[in-house]
Amino acid sequence: MSGSSPMNVFDIAGRAMSAQLVRLNATASNMANAGNVTGSEAEAYRAIKPVFQSVTDSPGVSTVKVANVVTTDAKPTKRHDPNHPLADANGDVWEAAVDSSAELVDMIETARMYQNNVQVLNTAKSLMLETIRIGK
């Protein structure tokens, strides 16, 4: 962050909200692909997750950013279904490597963290407006 102005509460909360939005989009993508099947393990969808990195402006002042979005190393599930149109020569299909329950929990947690940052912004705005009102 060197060379720029110090972060304020709006920067900190805004960056955190941006990171949570990336997390929510990744979770939505995972949920959309849960249950999808393909004819090979290599083609099967694997869940994606954002990797967060701390951004520190000065001691005691930090926020977060998304450093990268990675594919998990969860293995797709092989299921024998010889009547499926995508089945391989052995009659197997591969289901996406997505744990729907874990993704739902992640989605709820992400939404709560986003809402917490919205509340931080609302509180900061209210305090600033009240300070201006007192100063008049």
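Here are a few notes on the predicted model above, point by point.

1. Ground rules. This is a predicted model in which local features need pLDDT of at least 70 and side-chain atom pairs count only at pLDDT 80 or more, while totals for chains, interfaces and linings use all residues. Residues are numbered from 1 along each chain as its sequence is written, and side-chain values use heavy atoms, with hydrogens and water left out.

2. The helix α2. Helices here are DSSP runs (H or I, at least four residues) and strands are runs of E (at least two), numbered from the N terminus.

3. The covered side of α2. Buried residues in α2 are E103, D106, T110, N117 and A124; buried means under 20% relative accessible area, exposed over 50%, and partly exposed in between (1.4 Å probe, protein chains only). What do they pack against? The buried residues of α2 pack against α1 and β2 (48–58).

4. D106 and R23 meet side chain to side chain in a salt bridge at 2.4 Å, N to O (a salt bridge being a side-chain nitrogen of Lys or Arg within 4 Å of a carboxyl oxygen of Asp or Glu). D106 sits in α2 and R23 in α1, so this pair ties together parts 83 residues apart in sequence. Both D106 and R23 are buried.

5. R79 and its two partners. R79 bridges to D81, with the closest N and O atoms 3.5 Å apart, and also to E95, where the closest N and O atoms are 2.3 Å apart. Because R79 lies in strand β4 (residues 77–80) and E95 in strand β5 (residues 92–95), the R79–E95 pair links parts that are 16 residues apart in sequence. How covered are these side chains? R79 has a relative accessible area of 31%, so it counts as partly exposed; D81 is partly exposed at 22%, and E95 is partly exposed at 23%. Elsewhere, salt bridges with shared partners join R23, K49, E103, D106 and E109 into one network. The whole structure has eight salt bridges.

6. D92 in β5. D92 is found in strand β5 and is buried, with a relative accessible area of 9%. Its side chain makes a polar contact of 3.0 Å with that of H80. A polar contact is a pair of N or O atoms within 3.5 Å; within protein, one must be able to donate a hydrogen and the other to accept it, and residues adjacent in sequence count only if both atoms are side-chain atoms. Leaving out residues up to four places away in sequence, D92 touches G39, K78, R79, H80, D81, L86 and A87, where contact means heavy atoms within 4.5 Å.
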